[in-house]
Amino acid sequence: MRLLSCYIENFGKLKDLSVTFEDGCNVICRENGWGKSTLAAFIKVMLYGFEEEKARDDLKNERKRYRPWQGGVYGGRLEFEAAGERYVLTRTFGMKEKEDSFSLRKKETNLECRDFSRAVGEELFFLDCASFCRTVFLSQNDCETVSTDAINARIGNLTDATDDINNYENVNQRFAGLLNQMNPNRKTGSLYKCREEIVRLEEEVRVGRSADQAMEKLYESIQQKRAEQDALKEEQALLAEKQQKIAAYKDIQVKREAYKSLCQEYQEREEQAKARRACFPAKVPEKERLEEAIACSVRLSAAKEKVQIYEMSEEEIRRENDLEKLFREEWPDPETCDLQAQHLREMQELRVLMAGNRLSDEERERLDEGRNRFAQGVPELSEFERVISEWNECVERRNVLPQKKLTCETLQQISRAGAAGEGNRTGRGAGRTVFGMLFLAAGLALLVCGVWMAGSGKTMAPAAAAGLIALIAGAALLFLRRGRTGGREVSRSPEPADNDGLEQMKRQIAQDEAFIEQAESGTEKFLERYGMVWERKSEILDRLYDLKAAVREYITLSDQEKASAQGQQEERYRELAEEVKAFLNKYFPEEETDESAFGPELARIREAAGEYAVLKKKRNDLARAREAYRELAGSLEAFLAELSIEPEPDLQAHLLRIRSHLQSYENSMQELLAAKERKEAFETAENMAEILQEEPAETMQPLQEITGRLEEIAGRLEQLCEYMADDNRHLDELRAESDQTAETAERLSALRESYEAGLKKYERIKITREYLERAKISLTARYTEPIRKGLVKYYAFLTGEDAGRILVDANVGVTVDELGMQRDPRFFSAGYRDMIGVCLRMALVDAMYREEKPFVVFDDPFANLDDSRLAGALNLLRQAGREYQILYFTCHDSRTPQPDFT
Amino acid sequence: MKIIHCADLHLDSKMTSNLTKEKARERKAELLNTFDRMLRYAVRNQVEAVIIAGDLFDTKRISASARNAVRDGILNHPDIQFFYLRGNHDAESFLCSLDEIPDNLKLFGETWTTYSLADGRITVTGAELNRENAGSIWNDLTLDRDRFNLVVLHGQASENEPADGAEYINMRKLMNRGIDYLALGHIHTYRLEQLDGRGKYCYPGCLEGRGFDECGRHGFVLLDIDPGTGHFRQEFVEAACRTLYTLPVDVSGCKTTFDISEKIRDGLDRAAISHDSLLKLVLTGEVDVECEKNMEYLVKKFEPEYYFLKISDETSLMVDYSAFALDESLKGEFIRIVEGDDDLDPQQKVEVIRCGLRMLAGEDPD
């Protein structure tokens with residue numbers, strides 16, 4: 001492969017530059033700053049593109065560094081020959097890679113071809129750019145070289161295998177990266193971190209295990225409590241059973257007591273009944289019969305009392321005998337006596353009447369006087385009432401009349417004054433005031449007078465009316481006066497009402513005068529008619545009353561005179577006296593009875609008759625009572641005899657006592673029966689065998705003691721429940737903690753596994769890396785020898801010396817055996833380093849390209865050589881130029897081969 | 001008389017070994033729901049007793065929701081007798097948390113405890129095994145052969161004298177003792193076998209599969225006993241709300257993730273597994289050491305199709321050393337060097353080679 005020519009449109013400072021290349025060594029000797037390195041860079045960029053495009057440093061960033069100084073199209077053309085085919089490669093460059101253009105044409109046809117891509121350098125040289133720069137392309141001041149994967153691959157003919165030696169460095173770096181990343185001994189290593197985390201989690205789990213231990217203890221505690229609970233419950237059940245038994249036995253005991261009580265009661269009732277039965281020796285009387293006997297005894301007592309009541313004293317007997325004698329003919333019954341007494345009363349009345357109707361001389365004189373006075377007729381009493389009334393009213397009106405007249409006159413004056421007009425008002429006003437006051441005073445006086453008269457029974461109306469009128473008039477006058485003196489004209493003319501009042505008053509006065517005249521005249525005529533005389537009018541009323549009294553007396557005396565004039569009363573009196581006398585003579589024949597003695601005699605007989613009747617009745621009653629008593633006593637005695645009971649003197653009390661006994665006995669029997677029934681009912685209802693059994697020993701324990709213990713147990717159970725609830729709550733908390741620990745433990749376990757796996761992986765990677773390195777060394781060691789031979793060859797061209805002390809290792813590393821020790825070339829001078837570098841590069845190129853040789857770029861590599869070495873260097877160029885197309889750039893003639901060289 | 005025999009409910013199981021926290025919580029709730037569903041089944045089918053043959057809970061630490069679910073389940077079904085025999089996972093915590101042991105909850109102790117059902121014609125006898133009683137308890141078991149005898153135990157059925165007696169049930173000692181039905185718990189898969197000429201023994205398995213070691217159908221056993229004749233019929237009732245499956249997929253010869261994905265798809269299509277299941281795909285077979293396997297991609301691809309899916313890579317790597325014998329490359333050199341190193345065992349060699357090759361290929365090591 002060789003370069004044919006190049007044309008630079010614009011590249012760095014180079015512009016429109018065409019260079020033609022020949023086989024062999026092409027020397028481009030130009031002064032400094034001409035652009036030799038730029039030309040070399042152009043060739044590299046045309047093949048590999050720009051390097052360091054992302055670098056900010058313009059010097060490192062080749063796209064920027066070689067941007068045309070003078071502007072214009074950035075790029076150029078390169079003609080080359082490869083595998084016998086000539087190509088024209090045209091590239092232009094923009095600001096960015098995507099603005100670049102690429103064109104490859106075959107020189108022969110000028111048609112675009114795809115024999116090479118944009119990576120034309122790599123495809124031509126089988127080297128990446130770095131390897132190209134380490135071998136074929138010797139840039140200025142960069143002669144030293146090292147082997148790269150691409151170089152190794154090229155040397156080992158492995159450039160086609162993408163994942164082999166050509167990738168070794170990358171793999172090695174990744175191994176280093178992985179090992180570094182996983183390193184268990186470095187803090188940044190994942191395995192180290194993992195182990196740290198494991199330690200941390202182990203500690204966390206260790207601490208967390210305390211929760212498990214606490215839980216275990218808590219479980220034990222709960223179990224103990226549960227065991228205690230079970231034991232207590234068992235005891236509780238036993239005690240409850242015992243309590244039930246005791247309670248049941250208590251019930252039995254209560255029942256037993258109740259039964260005993262029933263039995264005792266029955267016994268007591270039985271004894272009581274027996275005792276009460278003893279009251280009846282023969283038999284128990286029937287209640288009805290006893291009641292009859294008691295009733296009989298009551299009657300007996302009553303009979304006895306009757307006997308006692310009717311029992312007659314000696315005096316009564318003697319008196320009875322006397323009275324029997326008195327009434328031996330006939331016993332006057334009370335009616336007869338009453339009739340006689342009535343006769344007597346009638347006689348007395350007749351006697352009084354006869355005595356009362358007889359007139360005395362004085363009475364007769366007054367009667368005669370009355371006959372004279374009332375010869376014309378006796379006036380009726382009603383007439384008297386009318387005349388007296390008229391007279392009284394006449395007197396009243398007459399008394400009031402002067403006042404009325406005065407009032408009337410005053411009103412007239414006022415009226416006249418009002419009609420006279422406005423003049424002299426002040427004086428009239430004062431006058432009115434005076435009059436008003438006077439009227440008021442007069443009215444008040446009349447009113448008081450009227451009231452007084454009413455109080456004294458006289459007619460008050462006229463005086464009171466006059467008084468009222470006077471009061472009104474007075475008030476009116478005062479009112480008028482006030483109205484005017486107040487500065488306001490209330491009334492300019494007399495009021496019509498005033499005129500009406502005046503007229504009315506005048507009429508009344510006239511009426512009063514007429515009435516007085518008529519009444520005086522009528523009364524005087526009335527008195528004169530019956531001969532009554534008076535000196536003053538004030539006596540008239542007295543005369544009227546005198547006349548009235550005379551009328552009454554006259555009428556009474558007239559009536560007496562009439563009664564006395566009749567004789568029937570005396571006859572009747574005699575009849576009655578005879579009858580009474582005859583009656584009295586029947587019992588007192590020997591006695592001459594005066595009329596005055598009728599009363600006492602009749603009373604005697606009457607009394608004696610009554611007494612006799614009483615005594616007679618008493619006698620009869622006594623006899624009946626005695627009979628009844630005997631009958632009753634016999635009956636009772638028979639009843640008691642039937643009962644074999646000796647009668648006591650007080651039979652009723654005795655019988656009542658017997659009744660009481662019987663009642664008691666019956667009650668006892670009832671109680672006995674009830675007690676028996678209760679006892680039998682109890683015996684039927686209850687389990688008597690159980691009740692009558694002996695008290696079991698287990699019920700001997702006091703119930704209180706059991707109850708106390710049960711309460712104690714209940715309290716403890718409640719307490720245990722609370723404790724267990726607390727324990728369970730605590731357990732839940734611990735469980736959560738323990739769960740957390742368990743999760744941590746799981747994480748720890750997983751982490752441990754992960755760590756173990758990671759560690760294994762780490763070891764595997766480490767081993768693999770070692771094996772891979774060994775493989776690489778082993779592989780590269782195979783072509784170390786050709787490289788070393790090449791190095792010796794070129795070193796001989798350059799120095800004319802044997803390169804025996806220069807050693808090449810499997811990694812194409814070079815050492816120089818100097819003073820018995822392999823030394824790094826870096827310890828040598830720059831010129832020496834350049835010499836070794838150039839030789840090694842050429843040795844590598846020899847090893848890499850055994851068939852088609854590439855062109856080699858020498859960008860002034862011998863600048864550091866001293867003159868003695870320069871000839872050798874030019875010799876090397878000469879020798880190399882025989883095999884390779886060499887593009888040699890230099891700035892100095894001394895480093896330029898002679899003309900015969902090319 | 002109908003009796004439910006269940007065991008190994010493992011309520012409150014963490015479920016976090018495969019599942020995310022959220023899904024684990026969901027599955028925990030599903031466990032409780034399944035328990036509740038079983039009780040509802042009992043009510044619907046006039047079941048008179050429920051035998052819980054151990055491991056009702058998974059851990060000593062019982063959550064409040066699990067505790068309440070069981071307590072309420074018992075209290076709310078007073079007509080059902082619950083015979084609860086504690087297993088190795090159970091602890092006192094549940095009973096401790098109860099204020100009072102419900103009347104219908106019957107417990108067992110370290111010695112044989114017998115309860116009667118159907119007027120004494122059926123007996124339920126059980127004992128909780130531990131190190132102390134496991135060796136000596138068998139001779140103390142006395143059963144009335146005229147009755148239907150149901151014995152409850154929790155442990156591993158063993159034909160031989162176990163070394164560690166605590167979790168082992170000596171089946172020989174239980175033979176010909178008059179047992180009609182030996183209700184066992186401890187094994188998480190359903191198993192019914194003949195105990196002797198008279199009786200059978202049965203593990204109902206767990207109610208819900210929790211991990212991929214509990215794949216397949218899960219539920220309880222419904223016993224229908226005729227107390228008069230002593231005849232009974234047992235029926236396995238599936239109760240689990242989800243099923244766990246482990247599906248092996250042979251990916252031998254696959255070179256890429258795509259090839260493996262195709263194989264998995266093929267396997268899933270054939271298995272026709274319900275989408276609400278929990279599925280574990282196990283990649284088996286031999287693949288080339290350079291086979292490109294992106295497990296993450298595969299999980300992401302198939303995960304949405306199931307309630308839960310995990311893929312376990314159990315493939316073995318195959319290295320054709322002869323292919324690299326003459327390979328003049330770094331890879332060839334590397335494989336030859338690893339192969340030739342006697343310090344590495346074959347598995348390590350494969351692992352190192354795969355690691356190296358993945359690195360060279362620009363991938364991260366497994």
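Because the model is predicted, local features need pLDDT of at least 70 and side-chain atom pairs count only at pLDDT 80 or more, while totals for chains, interfaces and linings use all residues. Residues are numbered from 1 along each chain as its sequence is written, and chains are lettered from A and ligands numbered from 1 in the order in which they are written.

- Most residues other than glycine have a negative phi.
- The phi of A:D16 is near 50°, a positive value in a residue other than glycine.
- A:D16 has 11 other C-beta atoms within 10 Å and is therefore exposed; a residue is exposed with 12 or fewer such atoms, buried with 20 or more and partly exposed in between, with C-beta atoms placed from the backbone.
- B:D55 likewise is a residue other than glycine with a positive phi, here near 55°, and its place is in the loop between β2 (47–53) and α2 (64–75) of chain B.
- B:D55 counts as buried, because 23 C-beta neighbours lie inside 10 Å.

**The two chains**

- Chain A contains 24 helices and 12 strands, and 28% of its 902 residues count as buried.
- In chain A, 72% of the contacts between residues at least 6 apart in sequence join residues at least 24 apart; two residues are in contact if their C-beta atoms, placed from the backbone, lie within 7 Å.
- Chain B has eight helices and 19 strands, and buried residues make up 40% of its 366 residues.
- In chain B, residues 24 or more positions apart account for 67% of the contacts with a separation of 6 or more.

**Where chain A meets chain B**

- Across the interface, 34 residues of chain A are in contact with 26 residues of chain B.
- On the side of chain A that touches chain B, the elements giving two or more residues are α6 (168–182), α7 (190–277) and α21 of chain A, and the largest share, 19 residues, comes from α21(A).
- By class, this side of chain A has 15 nonpolar, seven polar and 12 charged residues, where Ala, Val, Leu, Ile, Met, Phe, Trp, Tyr, Cys and Pro count as nonpolar, Asp, Glu, Lys and Arg as charged, and the others, Gly among them, as polar.

**A helix pair across the interface**

- The axes of helix α21 (residues 703–780) of chain A and helix α8 (residues 346–360) of chain B come within 9 Å and cross at roughly 70°.
- The axes are lines fitted to C-alpha atoms over the stretch in contact, and the angles run from 0 to 180 degrees between N-to-C directions.
- The contact is made by A:R764, A:I765, A:I767, A:T768, A:Y771 and A:L772 of α21(A) together with B:E351, B:V352, B:C355, B:G356 and B:M359 of α8(B).
- By class, the contact of these two helices has seven nonpolar, two polar and two charged residues.

- In α1(A), 12 of the 13 residues are buried, among them A:K36, A:F42 and A:Y48.
- Just after α1(A), A:G49 takes a positive phi of about 80°.
- Helix α22 (residues 784–799) of chain A has 16 residues and reaches 22 Å from its first C-alpha to its last, close to the 22 Å expected.
- The buried residues of α22(A) include A:I787, A:L791 and A:F797, and what covers the buried residues of this helix includes α21, β8 (806–808), α23 (830–848) and α24 (867–883) of chain A.
- A:G800, whose phi is positive, near 70°, follows α22(A).

**Nonpolar cores**

- In the largest nonpolar core, of 78 residues, A:F42, A:L791, A:C839, A:V857, A:I886 and A:L887 touch the most other members; a nonpolar core is a set of buried Ala, Val, Leu, Ile, Met, Phe, Trp, Tyr and Cys residues joined through C-beta atoms within 7 Å.
- The largest share of this core, 11 residues, comes from α23(A).
- A second, separate core of 62 residues includes B:L9, B:F94, B:L129 and B:Y181.

Methods. Helices (H or I, at least four residues) and strands (E, at least two) are DSSP runs, numbered from the N terminus. The expected span of a helix is 1.5 Å times one less than its number of residues.
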